[in-house]
Protein chains: 2
Amino acid sequence: MRADARRNRDRILEAARDAVAERGADAPMELIARRAGVGVGTLYRRFPDRGTLLAALAEQYVHELMDALDRAVAAEPDAWAAVRAFVVYSVEKGRGAIAAALAGTSAPQARQTLVQRLDELVRQAQADGAMRSDVGTGDLMELLNVFACHPGVIPERFLPLVLDGLDRRQPRRRNK
Amino acid sequence: MRADARRNRDRILEAARDAVAERGADAPMELIARRAGVGVGTLYRRFPDRGTLLAALAEQYVHELMDALDRAVAAEPDAWAAVRAFVVYSVEKGRGAIAAALAGTSAPQARQTLVQRLDELVRQAQADGAMRSDVGTGDLMELLNVFACHPGVIPERFLPLVLDGLDRRQPRRRNK
DNA sequence: CTTAAGCGGAAGGTTGGCTTCCGGTTCTAT
DNA sequence: ATAGAACCGGAAGCCAACCTTCCGCTTAAG
């Protein structure tokens, strides 16, 4: 693969990430190309169809999250603290609707590994009594998607709130 | 206004609500018409353009929320309980992306009244020490939008969690 | 029974995005 | 340095989806 070709490939992926973040999974191919500083032709040569492009994006995204998880675990001795750190990072990193847009397409095996590892951590945090136990790993992933879909005010205002909601203490029935 | 005309108008509004909920603010006019069991012509005669239709929808929606608020206040003596009840109702009622889709279009004065009344309630709940005070009414409305955008698993799983997060006790810094 | 209000949906027009294709350009191996 | 394979850009053609208008037929209502 020629050097310029590789460079373009990377640029395209980056541009696609931004575009998908802002405009959803069906962001115009031409927009992606222009942002990458590349012609549509180039885009199509590298990724024959939108599906291929999205799949590449998904794989990259999952890998990034995986790295983030590793880092969080390394940095935080406490399981619950690691979960928090991972969620915070993911929300900041997961620009726009990427996660949601890719939820279906997402590379199955990589994603599964990610979920599996996160699950261990969550169970640990719950076993420690630090995290409420009526919310599972699947819920957590879902939560990340929601945040990813609402960039801007939502994450900054509500992330702490939700994290507090996830914290310790069993849920108590309040009404009735 | 002829009886059949009125009936059709109502049906259209209902169909539009569903369609917008599922497909967003730019749901095809023809889809709306067909669901209402009506020809496109009828739809256009009643609502000359999409904007008019959306405005009508928004107004109706805001009125519903206002009623809900009144009911919540009447039923619950405690301010914080009323806020909770209102939020729960809104999330259940606010099908799909209606709220978000209409956020911009929304009838200004009615919306303002709604926000104003909710604000009183929120302040009361906060003054009672029952609701955390670093989240305002605006945030609450935003929250409703987010929930409205993610029908299905999100509301049911996360609403209690978020409500717990809103509850009492000042936020405490946890990390660092 | 009359008639004005109302109705349906085909048709025409517009927009916006997808893909292909090919003449020109740039790497890179020798 | 240079040949030639790989690569590039973007104009052009195609298509699908949607909007909106229009008019002959239907029906409520007095």
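Biologist: Buried means under 20% relative accessible area. With that in mind, does B:Arg132 count as buried or exposed in this predicted model?
Modeller: Happy to walk you through this predicted model. The relative accessibility of B:Arg132 is 3%. The cut-off for buried is under 20%, so B:Arg132 counts as buried.

Biologist: Which side chain of chain A meets B:Arg132 in a salt bridge?
Modeller: Let us start from the loop between helix 7 (108-127) and helix 8 (137-149) of chain B, where B:Arg132 lies. The pair crosses between chains and reaches helix 9 (residues 153-166) of chain A. The N to O distance is 2.9 Å, and the partner, buried with a relative accessible area of 4%, is A:Asp164.

Biologist: How many residues apart in sequence are the parts tied together by B:Arg35 and B:Glu22?
Modeller: These two form a salt bridge, with the closest N and O atoms 2.8 Å apart. B:Arg35 lies in helix 2 (residues 29-35) and B:Glu22 in helix 1 (residues 3-23) of chain B, so the pair ties together parts separated in sequence by 13 residues.

Biologist: What is the count of salt bridges over all chains?
Modeller: Each one needs a side-chain nitrogen of Lys or Arg within 4 Å of a carboxyl oxygen of Asp or Glu. Over all chains, the count by this rule is 16 salt bridges.

Terms used:
Residues numbered from 1 in each chain as written. Chains lettered and ligands numbered in written order. Predicted model: local features only at pLDDT ≥ 70, side-chain atom pairs only at ≥ 80, totals over all residues. Heavy atoms only, no water. Helix = DSSP H or I, 4+ residues; strand = E, 2+ residues; numbered from the N terminus. Buried < 20%, exposed > 50% of the residue type's maximum accessible area, 1.4 Å probe, protein only.
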